[in-house]
Amino acid sequence: MNSIHGIFAVTVTHFNNDGSIDYSAISKHVQWLLQSGVHGIMPVGATGEWPALSTQERKQVAEFIMKEETAKVPVSWGPVPPM
């Protein structure tokens, strides 16, 4: 069993000008984090934008990040209760 250790980066959710989620920018950000040596990724964390997303959108962003090359590092995500 692996222990959780090191730096877990809370990601930013990028948006397009029309308010839709910018998955291309998210991908670039995740790749940069991985290249920078993070030990884990926390999508849709507490960087301020999670209240603007529906539960479905949060799930879609988390699943998208898990499909990126994050097999190298753990991804920690869980539903955040509504405000």
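**The first helix and its surroundings**

Modeller: Just after α1, G37 takes a positive phi of about 95°. The model is predicted, so local features need pLDDT of at least 70 and side-chain atom pairs count only at pLDDT 80 or more, while totals for chains, interfaces and linings use all residues. Numbering runs from 1 along each chain as its sequence is written, and side-chain values use heavy atoms, with hydrogens and water left out.

First, the setting. The protein has two helices and two strands. Their order from the N terminus is β-α-β-α. Helices (H or I, at least four residues) and strands (E, at least two) are DSSP runs, numbered from the N terminus. Of the 83 residues, 33% are buried. Buried means under 20% relative accessible area, exposed means over 50%, and partly exposed lies in between (1.4 Å probe, protein chains only). Among contacts between residues at least 6 apart in sequence, 71% join residues at least 24 apart. A contact means heavy atoms within 4.5 Å.

Now the helix itself. α1 has 13 residues. From first C-alpha to last, α1 reaches 18 Å, close to the 18 Å expected at 1.5 Å a residue. The expected span is 1.5 Å times one less than the number of residues. D22 caps the N-terminal end of α1. A side-chain oxygen of D22 lies 3.3 Å from the backbone nitrogen of S24. For such polar contacts, the cut-off is a pair of N or O atoms within 3.5 Å; within protein, one must be able to donate a hydrogen and the other to accept it, and residues adjacent in sequence count only if both atoms are side-chain atoms.

The buried residues of α1 are I26, S27, H29, V30, Q31, L33 and L34. What covers them includes β1 (8-10), β2 and α2. S27 lies in this helix, residues 23-35. S27 counts as buried because its relative accessibility is 18%. Leaving out residues up to four places away in sequence, S27 touches F64 and E68.

Next, the loop that follows. S36 sits between α1 and β2. S36 is partly exposed, at 46% relative accessible area. Its side chain reaches back to the backbone oxygen of W32 at 2.8 Å. V38 belongs to the loop between α1 and β2 too, but V38 is buried, with a relative accessible area of 13%. V38 touches I7, A9, L33 and V73, again not counting residues up to four places away in sequence. V38 and P74 are 36 residues apart in sequence, yet 9.9 Å apart in space, C-alpha to C-alpha.

On to the core. The largest nonpolar core has 14 residues. Those with the most contacts inside it are I26, V30, L34, V38, I41, V61 and I65. α1 and α2 each supply at least two residues of this core. α1 gives the most, with four residues. A nonpolar core is a set of buried Ala, Val, Leu, Ile, Met, Phe, Trp, Tyr and Cys residues joined through side-chain atoms within 4.5 Å.

The partner helix, α2 (residues 55-67), has 13 residues and also reaches 18 Å from its first C-alpha to its last. Its buried residues are R58, V61, A62 and I65. They cover an arc of only 95° around the axis, which puts them on the same side of α2. The arc is that of the directions from the helix axis to the C-beta atoms. An α-helix has 3.6 residues a turn, so residues three or four places apart point the same way. α1 and β2 (40-42) are among what covers the buried residues of α2.

V12 is in the loop between β1 and α1. V12 is partly exposed, at 36% relative accessible area. Beyond residues up to four places away in sequence, V12 touches I26, H29, T47 and E49. V12 and W50 are 38 residues apart in sequence and 9.4 Å apart, C-alpha to C-alpha. V10 lies in strand β1. V10 counts as partly exposed, at 36% relative accessibility. With residues up to four places away in sequence not counted, V10 touches M42, G45, A46 and T47.
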